[in-house]
Number of protein chains: 2
Amino acid sequence: MVKPSRSIARGTPTNPVVVRILDCAQTHFARFGYEGARVDEIARDAGINKATLYYQVGDKAALYHAVVGPLLERMADDVERKVNREPTAESRLRAYVGSLAQLLVQQRDLAPLLLREAVDGGEHLTDAMVGNIARVNQALRIVLNDGISQGEFRAVDILTLQSLVVGGLFFYAGAAPLRARVATLGSHVALRAGSIPAHRLVDTVMDLVLRGIVSTRDDPLAGGDDDALTIRSN
Amino acid sequence: MVKPSRSIARGTPTNPVVVRILDCAQTHFARFGYEGARVDEIARDAGINKATLYYQVGDKAALYHAVVGPLLERMADDVERKVNREPTAESRLRAYVGSLAQLLVQQRDLAPLLLREAVDGGEHLTDAMVGNIARVNQALRIVLNDGISQGEFRAVDILTLQSLVVGGLFFYAGAAPLRARVATLGSHVALRAGSIPAHRLVDTVMDLVLRGIVSTRDDPLAGGDDDALTIRSN
DNA sequence: AAAGTTTTTAACCATATGGTTAAACCATCT
DNA sequence: AGATGGTTTAACCATATGGTTAAAAACTTT
């Protein structure tokens, strides 16, 4: 028997054909979304026959999973690892923002892919993938809660702050296409379109957020009591 | 002659059939995106025949335009009006955040619709619609720039701050579906899913942002020199 | 080289989907 | 009532799209 291939579902695929397929698929899913991406075009871009794609990877859902799954796993691993090795709430927060920003810059497809899923409610994700998103989410929540209960941060609304940080980062990285479009309108006001300088982004975000949340003497005493995050269905 | 109908393209449609169509279309476009929305389903939900939809509104693109166009126009008008009647940079910023937040809460479809377009690069929008987005964008930029050049705000990176505020608000409102999905994972950590309390959101965001940007004595002198927003293609 | 196995491909299929048409329907006017 | 013209609808159409198949090609093993 030759390589048992049938790659997918296990760690990083080595089969060059599969690698090429996943590469192209990632681009297409990020640019056009799950519904908008065309299997035929992905195959064409990868320079192979569509049947080969189905043989090597599987159907559209499997293809999407093979693309997004590893991205999310890496994201969750990266964030957790980098956050957990930091001692203080502030350094942990910086690690969080830094690791996310770095990922978003390295993997320019991540922001569009995840912004789409955010709006779609993770419609095309498995529970395991949603779980990885939850890990990233949880990491930030823990950092903030710890920072608050230790008095290092003020008692701010966690969900709002989470949205600001995460939404801000992802929007910064993911809304580049719209900014580019706006720029074409030829308004005299120019917008920086692409090219994300990672560390500068991190510095600015951290600068803003820290000033926003770091405790000062005249702030109300922080307590870990704001943990009562309720679920209100619909 | 009877009602000349052929509604669309002019101000608010009165024809009840058209109103129902646009209502359902808005829901579908927000939930499934332009590609994901099905014209047949929109017609079915509106309780009419698909041909009626085409007769009254036009094709899928026209339908989308009829839904999104007025939303964007109202958004731009609202924001500009409320911002412009305020005197100080801080009150103008609050007016900006407040008007956006209020809109996002009143029109729950706005956040998903715009987040999708942000990632899609406004692919399905006319130049006029993109122009309205640009107005909203410009409003914030002017407020921040004015605040900076008048020394009321620190000289922070405008684009980053814009992304934080706008991305944060839209993500807060638009990522509810994903939060709902995460909540189904039954992790012991609960997430507030729906129900957006508008004024509380505004207060929290303003609280955070103001602390982040308001000038204090020991800040570097603010100057309007950071206006050099460059366009870097790609 | 022959047999066996994996991989690739052209052609094909079923269905979904955006869009159209011709006829029926309905209100208004004469 | 009949003519007129806007409105709705069932049926239809063309095409795109995800997915399959059977055979050819390529590679391994003996």
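**Exercise 1. The contact of H7(A) with H8(A)**

Task: Find which residues of H7(A) meet which residues of H8(A), then describe how the two helices cross.

Solution:

Step 1. On the H7(A) side, the residues are Asn137(A), Leu140(A), Arg141(A), Leu144(A), Asn145(A) and Ile148(A). They meet Ile158(A), Leu161(A), Gln162(A), Val165(A) and Val166(A) of H8(A). Contact here means heavy atoms within 4.5 Å, and helices (H or I, at least four residues) and strands (E, at least two) are DSSP runs, numbered from the N terminus.

Step 2. Sorted by class, the contact of H7(A) with H8(A) holds seven nonpolar, three polar and one charged residue. Ala, Val, Leu, Ile, Met, Phe, Trp, Tyr, Cys and Pro count as nonpolar, Asp, Glu, Lys and Arg as charged, and the others, Gly among them, as polar.

Step 3. Now the geometry: the axes of H7(A) and H8(A), the latter spanning residues 158-174 of chain A, come within 10 Å and cross at roughly 125°. Axes are lines fitted to C-alpha atoms, for helices over the stretch in contact, with angles from 0 to 180 degrees between N-to-C directions. That makes H7(A) oblique to H8(A); angles under 35 degrees count as roughly parallel, over 145 as roughly antiparallel, 65 to 115 as roughly perpendicular and the rest as oblique.

Step 4. The crossing of H7(A) and H8(A) is right-handed. A crossing is left-handed if the near helix is turned anticlockwise from the far one by less than a right angle, and right-handed if clockwise.

A word on the model and its conventions: this is a predicted model, where local features need pLDDT of at least 70 and side-chain atom pairs count only at pLDDT 80 or more, while totals for chains, interfaces and linings use all residues. Residues are numbered from 1 along each chain as its sequence is written, chains are lettered from A and ligands numbered from 1 in the order in which they are written, and side-chain values use heavy atoms, with hydrogens and water left out.

**Exercise 2. A helix pair in chain B**

Task: Work out the angle at which H1(B) and H6(B) pack and the hand of their crossing.

Solution:

Step 1. H1(B) covers residues 16-36 and H6(B) residues 110-120; they pack at an angle of about 50°, with their axes 8 Å apart. That makes H1(B) oblique to H6(B).

Step 2. The hand of the crossing of H1(B) and H6(B) is left-handed. H1(B) brings Gln26(B), Phe29(B), Ala30(B), Arg31(B), Phe32(B) and Gly33(B) to the contact, and H6(B) brings Pro112(B), Leu113(B) and Arg116(B).

Step 3. By class, the contact of H1(B) with H6(B) has five nonpolar, two polar and two charged residues.

**Exercise 3. Salt bridges**

Task: Look at the salt bridge between Asp146(A) and Arg92(A). How many residues apart are the partners?

Solution:

Step 1. Side chains of opposite charge can pair when their charged atoms come close. The cut-off for a salt bridge is a side-chain nitrogen of Lys or Arg within 4 Å of a carboxyl oxygen of Asp or Glu. Over all chains, the count comes to 26 salt bridges.

Step 2. Asp146(A) and Arg92(A) form one of them, at 4.0 Å, N to O. The partners are 54 residues apart, Asp146(A) in H7(A) (residues 127-149) and Arg92(A) in H5(A) (residues 89-106), and the pair links distant parts of the chain.

Step 3. Asp146(A) is partly exposed at 29% relative accessible area, whereas Arg92(A) is buried at 14%. Buried means under 20% relative accessible area, exposed over 50%, partly exposed in between (1.4 Å probe, protein chains only).

**Exercise 4. Pairs within one helix**

Task: Compare where Arg81(B) and Asp78(B) sit in their helix, then do likewise for Arg211(B) and Asp207(B).

Solution:

Step 1. The closest N and O atoms of Arg81(B) and Asp78(B) are 3.1 Å apart. Because these two are three residues apart in H4(B) (residues 60-84), about one helical turn separates them. Arg81(B) is partly exposed at 44%, while Asp78(B) is buried at 11%.

Step 2. For Arg211(B) and Asp207(B), the closest N and O atoms are 3.4 Å apart. They are four residues apart in H10(B) (residues 198-213), so about one helical turn separates them.

**Exercise 5. Asp78(A) and its surroundings**

Task: Is Asp78(A) buried or exposed, and what does it touch?

Solution:

Step 1. Asp78(A) is found in H4(A), residues 60-84. With a relative accessible area of 12%, Asp78(A) is buried.

Step 2. Leaving out residues up to four places away in sequence, Asp78(A) touches Ser99(A) and Leu103(A). Asp78(A) is also linked with Arg74(A) and Arg81(A) in a network of salt bridges.
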